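I opened the notebook to record what I looked up in this model, entry by entry.

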Amino acid sequence: MSIIELRGVTKTYNGTVHALRGVDLTVDSGELLAIIGPSGSGKSTMLQIIGTLDRPTSGSVRIAGHDVLGLSDRRLSALRARHLGFVFQQFHLSPGVSALDNVADGMLYTGTPLRVRRERAAAALDRVGLGHRLGHRPNQMSGGEQQRVAVARAVVGDPPLLLADEPTGNLDSAAGAEVLKIIKELSEAGTTIAIITHDSEIAEWCPRQVRVRDGLVLP
Amino acid sequence: MRPARLSLRDVLRVGASGLRARPARVILSALGIAIGIATMIAVIGISSSSREQLLRQLDKLGTNMLTVSAGNTVFGEPAKLPRTAVDMVSRIGPVFSAAATGSAPATVRRTSHIDEAVTGGISVQAATTSLLETLEGTVAKGTWLNDATSRQPAVILGAKAAERLGITRTGVRVWMGGRWFTVIGILRPTPLAPEIERSALVGFPVAEEHLGFDGHPTTIYERSAEEAVEAVRDVLPRTVNPENPNEVDVSRPSDALAARAAAAGAFTSLLLGLGAVALLVGGVGVANTMVISVLERRREIGLRRSLGATRGQIRVQFLSESLLLSALGGVAGAVLGALATVGYAMSRDWPPVVPPWAIGGAVAATLVIGTVAGLYPAMRAARLSPTVALTTT
């Protein structure tokens, strides 16, 4: 069963900049793939469209069986809350908030009570090897640890699809390897994962590569 | 698929988390609201306390006393009350006590060597023995007149009169109408009859005998049952002077105090306006803080959108933040205003009163300000596209 289905997707900014020029992409449930391309290739736009943060200019997008174009902004938000997890290059953790509450906020918009959110957050932090740092704040942790907290936040609600935008871009190679190991474990547990990167080493590490150039997916 | 609702607790948690991250800014912008609310509460509180003080005084003195004085004849000459007037007033049903004073054409001085023109504003009056009871006054020193001392050269001084003559004890003699009178009592202040405070009081018989008093009372004091005051007031002129009821003036001394209480309760609109301006400026400060907050937190907004927050939930987050901010200022201001009221009232020996409606009004005002100040920033935050927010570095 496919979890991502893009058909003839184009995205034009201001009527002149063609970021995507007709992309077809099908990703099956449980896949681990890399979307690779140089900067300006349109891979970030692809991530935004797959992540339902933006709508295509034309074409059809189905995520987890939902036709994105037919959904209101409210319903798209609900789709993101329950089916999607994001990991960003800059972590985007709330300063001054403990790792536990940062992760628990990953389920804030799912209607789960606070007590349950915290229990699940503790489990998710345990899963990324930070079970001993629940009360630490982001500024008390290394970059690698912060990104692991961000991964825990992305998966705390058990979303079927995880989107990672340059997850190791701000990390040294040891910390990057640590994060990739966790991503591998999540993939083995059944989560569909798409990593957006310009690093061919990481791309080779993934079982499937999708190469993007000038707004098109290369065959 | 429908988005889940945030519980009230989560809304408050999220709103407070934005404030916790920037404590200094929160305190400064809440201060504006606090100053406005404190000013208004203090203005209302202090005027209410002053009013309460006057009302309590009024309660203690009673409002059931009427005074009757001789007015003018139709030809503009001073009229006289009949000698029998006090007895007539006593016979009115609801009246339980009546007394009279009459001006005697004499002066009171420490010795005969002092010039007769130097009276110190003290008048010499004949008083009936029932006067003290009717005024509900008390003696500070010595005794009040009785039937025996009313016939003797004995004098009672009002509080002010004693002060002006420099007399602090009884047994002293004063020079009145060409002979010595012995001071046998000094009165405490009588707020409902300030003219008595400035008088030297002697008995009717001795005044007629030695001080050239004609025996006609000039003022009659009476107390009646509270609910019958108006009825008594209506019949007094005819009772006192059946032949010329129009030559009689009736007044209610407590009316003056009641008017002062009403005036004190009407707070200074200028100060209140000043508080309103401070509040307005505080509201603008909160709006400013919120606009800056939205600009600075584009990434956080983008993150929350990616976590599944709807536009409405982002709007609610910033509105609740703005509400919490101004509520913080409101609570601090209400406490400050109440403390200022209590402090001022204590220093004046007034009962401190902060009316609950003022507190309620302050709460309502802060809620309105928080909503109005937060509305525009919240709309801006909700309108941010999730991708724009995420690509901002």
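What share of the contacts in chain A with a separation of 6 or more comes from residues 24 or more positions apart? I found 71%, where two residues are in contact if their C-beta atoms, placed from the backbone, lie within 7 Å.

Before going on, I noted that this is a predicted model, in which local features need pLDDT of at least 70 and side-chain atom pairs count only at pLDDT 80 or more, while totals for chains, interfaces and linings use all residues. Residues are numbered from 1 along each chain as its sequence is written, and chains are lettered from A and ligands numbered from 1 in the order in which they are written.

**Chain A, overall.** I listed 7 helices and 10 strands in chain A, taking helices (H or I, at least four residues) and strands (E, at least two) as DSSP runs numbered from the N terminus. The C-alpha trace of chain A spans about 50 × 40 × 35 Å along its principal axes. The radius of gyration of chain A is 17 Å, which agrees with the value near 17 Å for a compact globule of 219 residues; this radius is taken over C-alpha atoms, and the globule rule is 2.2 Å times the number of residues to the power 0.38. Of the 219 residues in chain A, 51% are buried, a residue being buried if 20 or more other C-beta atoms lie within 10 Å of its own, exposed if 12 or fewer, and partly exposed in between, with C-beta atoms placed from the backbone.

Most residues other than glycine have a negative phi.

**Chain B, domains.** The domain assignment (bounds from an automatic or database assignment) divides chain B into domain 1 (8-58 + 258-391) and domain 2 (65-253), and their C-alpha centres lie 58 Å apart. I looked up Tyr221(B), in strand β10 (residues 219-224) of chain B, and it counts as buried because it has 28 C-beta neighbours inside 10 Å. Beyond residues up to four places away in sequence, Tyr221(B) touches several residues, including Met65(B), Ala98(B), Leu131(B) and Ala193(B).

**Helix α13 of chain B.** Among the buried residues of α13(B) are Ala362(B), Ile369(B) and Pro377(B), and the cover over its buried residues includes α2 (23-61), α10 (269-296), α11 and α12 of chain B.

**Contact between the chains.** I counted 21 residues from chain B and 25 residues from chain A. On the side of chain B, α1 (8-20), α11 (298-306), α12 (311-348) and α14 (386-391) each supply at least two residues.
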